[in-house]
Amino acid sequence: SILSGNTDNAFEISEITGTITVDNEDAVDYEINPCFTMLVEVKNHENKTASAKIKVNINNIDPPQFGLILYCPFDRNTEDLSLNHNDGIDFTSRYYVPGKRFTALNFNGKTDYIKLSKSINSQDGLSFSFWLKTRGANTAENNGVIIGKYNMSTDRRCFLIYSFGGYETRSDNRLSAAFYKYGSSASIHDHVKSYMEPGELIIFPNPGLWTLSNPSRLELDKWTHCVVNVNSTTIEIWINGVLCTTKIREYTSYFNYIYEPVYIGTNPAIGEGSNNHFNGVLDELRIYTRGLTIGEIRTLYKE
């Protein structure tokens, strides 16, 4: 048995074989506790006992780098630390607050946004990983855009990642992702939300394209890790390392216009509401050109 040192019940031990295994994955985190020193006791059939200290060292696994085309840690600047150096042009109030790692950038939900210095090719789909702490809709704002490449006025709709809906759905607080097949149409697209109900799917010609695993809304004022994972066949949304919803892709490629800018924190040409600002804090934004594995998603969550 484990007598002490098993913080947050990270491990369990077999009473028969003595094998120690992970019992609580969330408690095994290098940044929080890189080493566990546990006191373990053994007892035989005559109730004779002996004890020893067992040390378990946790390895630090680096976030995935393959396919990474943007990494903005928001450590008091809007620089891109990927090899692309696609730095953000900062139109925020530059209000940095404590983040999940070092600092994070606060978006006031009214005027703050970032415009990337270079566009991003979204033809094959993109995967996104980021931490956010949302405050929800700010008055008449719609969508709460986290990042998007979308222009309704010039028919250049490419993709949109947003934190709530518009008008009557402002309080939904669902993480949503949409990738558009044609720049001229807002309705022809692959899209998925972190929270969906079976009854909402009946309006679609093929509700079976969606799988609802653990539908979850974004909790207000709470750090939440979000992944929009796009691979060759599906689009998934993960919240805090747990798969929420999956949609089978209907389109193998999406509209892309090389000169359409990418905005973080808002999008000026969506068409709904006043200007679609994100109201909250954003940290550790990464974009990949490929789908992520389950292990990589959990590494990004634990990192």
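**Strands, cores and cysteines in a predicted model**

The structure holds zero disulfides, a disulfide being a pair of cysteine sulfur atoms within 2.5 Å. Cys 226 is in no such bond, and the nearest cysteine sulfur, that of Cys 244, lies 8.6 Å away. This is a predicted model, in which local features need pLDDT of at least 70 and side-chain atom pairs count only at pLDDT 80 or more, while totals for chains, interfaces and linings use all residues. Residues are numbered from 1 along each chain as its sequence is written, and side-chain values use heavy atoms, with hydrogens and water left out.

Buried means under 20% relative accessible area, exposed means over 50%, and partly exposed is in between (1.4 Å probe, protein chains only). Cys 226 is buried, with a relative accessible area of 0%, whereas Cys 35, at 26% relative accessibility, counts as partly exposed.

Helices (H or I, at least four residues) and strands (E, at least two) are DSSP runs, numbered from the N terminus. Strand β11 spans residues 127-134, and seven of its eight residues are buried. Two strands pair if DSSP finds at least two bridges between them. With strand β21 (residues 279-288), β11 pairs in the antiparallel sense over seven bridges; here Trp 131 stands opposite Asp 283. With strand β17 (residues 224-230), β11 pairs over five bridges, also in the antiparallel sense, and Phe 130 stands opposite Cys 226. As a general point, strands of a sheet pair through backbone hydrogen bonds, either parallel or antiparallel.

A nonpolar core is a set of buried Ala, Val, Leu, Ile, Met, Phe, Trp, Tyr and Cys residues joined through side-chain atoms within 4.5 Å. The largest such core has 42 residues, and those with the most contacts inside it are Phe 128, Phe 130, Ile 147, Ile 161, Leu 175, Phe 179 and Val 228. A second, separate core of eight residues includes Tyr 71, Tyr 288, Leu 292 and Ile 297. Contact means heavy atoms within 4.5 Å. Not counting residues up to four places away in sequence, Phe 130 touches several residues, among them Ile 146, Ile 161, Leu 175, Cys 226 and Leu 282.

His 225 lies in strand β17 and is buried, with a relative accessible area of 1%. Its side chain makes a polar contact with the side chain of Ser 129 at 3.0 Å. A polar contact is a pair of N or O atoms within 3.5 Å; within protein, one must be able to donate a hydrogen and the other to accept it, and residues adjacent in sequence count only if both atoms are side-chain atoms. Leaving aside neighbours within four places in sequence, the residues in contact with His 225 include Ser 129, Phe 130, Trp 131, Trp 238 and Tyr 301.

Elsewhere, an open sheet of three strands has the order β1-β4-β5, with antiparallel pairing. Its edge strands are β1 (2-4) and β5 (49-57), each pairing on one side only. Two bridges join β1 to strand β4 (residues 35-43), and Ile 2 stands opposite Val 40 in β4. Asp 62 is found in the loop between β5 and β6 (68-72) and, at 59% relative accessibility, counts as exposed. Asp 62 and Gly 241 are 179 residues apart in sequence and 16 Å apart in space, C-alpha to C-alpha.
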